[in-house]
Number of protein chains: 2
Amino acid sequence: MSKQATPAPLVALTADVPCCAPLTQRRVPAETAAVLAPALKALGDPVRLQLMSMIASAEGGEVCVCDLTPAFDLTGPTISHHLRTLREAGLVDAERRGTWVYYRARPALLRRLAALLTVEPPADLRT
Amino acid sequence: MSKQATPAPLVALTADVPCCAPLTQRRVPAETAAVLAPALKALGDPVRLQLMSMIASAEGGEVCVCDLTPAFDLTGPTISHHLRTLREAGLVDAERRGTWVYYRARPALLRRLAALLTVEPPADLRT
DNA sequence: CGGTTGTCTCGACGTCCATCGAATCAGACG
DNA sequence: CGTCTGATTCGATGGACGTCGAGACAACCG
């Protein structure tokens, strides 16, 4: 089993949980918390947050690992480990093309997190 | 409360990092990541995510710890520990009134996180 | 085919974290 | 004043995490 690059993000796309109710509107159920907390945890590391940003803001929608690694003062295995964490959280996807491996973002989960953390504007324009 | 000519810096923890550029638009700088990642990490636990939601969605804007603790199958010290984590992350604020301690949300940081994770809608809206 | 380069896995090590029980602090109230 | 209740702190423990070096795997190229 020398195959990887897509370790089946089982939680990301099975979105039958109450989709996107903001944190501030109703109490998030335990099941939703159990699904979304790991994604927040994956982003709760400075290196992974920057990696996620570099991937999500990339020009062609994808980045080569060879461009990610030298951006940090860390070894290759460490970067690879962080990328796997993002992959298993369902936040990014990897694809090997020839010698290089390219990562691209999966916006679905990011969108749910943004919706979760959304705070309605401070009553300037509403009510 | 007229916010007019307040000479004092009105934000303590969320100092003056480049405010709210979404993850997907430009690469988040290391300093921004260092500031925001701990907040995401604080929310990256199912218990804390539910606590944050219970606090942020509370009726009067605040919740008594005595209402938070029995909502989980955890001991008092553990809940207290999670609340402190949220507090030290700048996400909530605590106030003791008589026997009880009340927690309320701090929307500022939440808003920054939501802005950070915002994904532009998959189609146009820009030209 | 052997060498080179890019990426990942494996094993290890030190640190951080979630959880608990016991003890402590802060008020309220008789 | 003594005691009760609510909340936090302290100390301990088992597990998870970030990091690295060494090795393995994949693909390209002489």
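What rotation superposes chain B on chain A, and with how much shift along its axis? Hi everyone, that is my starting point today, and please keep in mind that we are looking at a predicted model.

The rotation is 180°, the shift along the axis is 0.0 Å, and the RMSD is 0.1 Å. The two copies are thus related as by a two-fold rotation axis.

Now to the place where the chains meet. On each side, the contact takes in 32 residues: 32 of chain B against 32 of chain A. Three helices of chain B, α1 (30-43), α2 (46-56) and α5 (107-117), each supply at least two residues of the side that touches chain A. Of the elements of chain B, α1(B) gives the most to that side, with 8 residues. By class, the side of chain B that touches chain A divides into 20 nonpolar, 7 polar and 5 charged residues. And 100% of the interface residues of chain B are also interface residues in chain A, so the copies meet through the same surface.

Let's zoom in on one helix pair. Helix α2 of chain A, residues 46-56, packs with α1(B) at an angle of about 120°, and their axes are 8 Å apart. The two helices, α2(A) and α1(B), are therefore oblique to each other, and their crossing is right-handed.

Who makes this contact? From α2(A) we have A:Pro46, A:Leu49 and A:Gln50, and from α1(B) we have B:Ala30, B:Ala33, B:Ala34, B:Leu36 and B:Ala37. The contact of α2(A) with α1(B) has 7 nonpolar residues, 1 polar and no charged ones.

Terms used. Residues are numbered from 1 along each chain as its sequence is written. Chains are lettered from A and ligands numbered from 1 in the order in which they are written. This is a predicted model: local features need pLDDT of at least 70, side-chain atom pairs count only at pLDDT 80 or more; totals for chains, interfaces and linings use all residues. Copies are superposed by least squares on the C-alpha atoms of residues with pLDDT of at least 70 in both. Two residues are in contact if their C-beta atoms, placed from the backbone, lie within 7 Å. Helices (H or I, at least four residues) and strands (E, at least two) are DSSP runs, numbered from the N terminus. Ala, Val, Leu, Ile, Met, Phe, Trp, Tyr, Cys and Pro count as nonpolar, Asp, Glu, Lys and Arg as charged, and the others, Gly among them, as polar. Axes are lines fitted to C-alpha atoms, for helices over the stretch in contact, and angles run from 0 to 180 degrees between N-to-C directions. Angles under 35 degrees count as roughly parallel, over 145 as roughly antiparallel, 65 to 115 as roughly perpendicular and the rest as oblique. A crossing is left-handed if the near helix is turned anticlockwise from the far one by less than a right angle, and right-handed if clockwise.
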